[in-house]
Amino acid sequence: MDADALAARIDHTVLGPETTVADVERVLDEAAEYGMNACVPPCYVGEAVEHAPGVTVVTVVGFPHGQHAPAVKLEEAVRAWDDGADELDVVLNVGRLTAGEDDAVREELSELVAAVPLPVKVIVETALLTDEELERACALAKAADAAYVKTSTGFADGGARVADVEVMSRYLPVKASGGIGSWADAKAMLDAGAERIGASSGVAIVEDFLASEDA
C-alpha cells in the first residue's frame, strides 16, 4: 500500500458538538490535500460540498445515540442526500438491539438503505455490545443491504478493537473508528480486516505512514 491508497481509505472526521464551519473547512482542505474523504456533521453538508467539490463527503444519521424515531432518521438521510452527501454513517438503535427487537432494527435500517442511492455504513457501537449482540447487529446490517458496518461513534467509552473488526469483517466491509490516532493503530485495524478508517487524526496517520516508509 502506498500513501495515496491509504489516504483514500481514511474518512478524516470532525463531529464534535462544538464543530464550526471553519472546522469543517479545515478538515475538507486537509482531506483534499492528502486525498482523504471527509466526515462532517449533517448541518454542514451543503457547505462542505460547495467548499470542496472534489472530496467525498460522508455524514452521519441518528448521531450519536441512534435513538431518533425511524421517520426522523429517514428524513435526515434523504436530506443529506439532497444536500450532496456521498455516503452515510447511520447509528443503529442499540437499545432496541439489546432488548431483542431485531425485527424493528432490521426494518428501520432496510427502509433507510432503500430510501437513498448512497452507501450506508451502520454504526453498531461495539463497546456497548456483547459478543452475541455484535454478531446480531452485523447480521441485521447485512440483511438490510448496508454497505459497511462501523465500529463506533467515538462518543461511547471504548473505540475500535481488533477482535471486533475481525468478527465484523465476516459479515460486511468494516469501517474502524474510535481511538485511531496513528499509522500503527490504523495498520492494526486494516490487518484485522477493516476496509476504511474513521479518524480525526487522518493527517497524522498519513504522515506517520510516510515517516515509516522513509525510516
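Colleague: How does the radius of gyration of the protein chain compare with that of a compact globule of 215 residues?
Modeller: It agrees, because a compact globule of 215 residues would have a radius of gyration near 17 Å and the protein chain has 16 Å. The radius is taken over C-alpha atoms, and the globule rule is 2.2 Å times the number of residues to the power 0.38. This is a predicted model: local features need pLDDT of at least 70 and side-chain atom pairs pLDDT 80 or more, while totals for chains, interfaces and linings use all residues. Residues are numbered from 1 along each chain as its sequence is written, and side-chain values use heavy atoms, without hydrogens and water.

Colleague: What box do the C-alpha atoms fill?
Modeller: Roughly 50 × 35 × 30 Å along the principal axes. The protein chain has 10 helices and 8 strands, taken as DSSP runs (H or I, at least four residues; E, at least two) numbered from the N terminus.

Colleague: What share of the residues counts as buried?
Modeller: 50% of the 215 residues, where buried is under 20% relative accessible area, exposed over 50% and partly exposed in between (1.4 Å probe, protein chains only).

Colleague: Buried or exposed?
Modeller: Glutamate 125 counts as buried because its relative accessibility is 5%; it is in the loop between strand S5 (120-123) and helix H7 (131-143). Aspartate 145, at 61%, therefore counts as exposed, and it is in the loop between H7 and strand S6 (148-150).

Colleague: Where is the cis peptide bond?
Modeller: Between phenylalanine 63 and proline 64, with omega about 0°. Proline 64 is in the loop between strand S3 (57-61) and helix H4 (70-83).

Colleague: Pockets next. What is the volume of the largest pocket?
Modeller: About 260 Å³. A pocket is an open set of points on a 1 Å grid where a 1.4 Å probe fits, with protein on both sides within 12 Å along at least five of seven lines; lining residues have an atom within 4 Å of a point.

Colleague: Which residues lie nearest its centre?
Modeller: Thr13, Thr153, Gly154, Ser177 and Ser200, out of 17 lining residues. Strands S7 (174-177) and S8 (194-199) each give two or more residues to that lining.

Colleague: And the second largest pocket, what lines that?
Modeller: Its volume is about 170 Å³, and the lining includes Pro41, Pro42, Cys43 and Phe155. Phe63, from the cis bond, is also in that lining.

Methods: Points joined across faces, edges and corners; volume = space filled by probe spheres on them.
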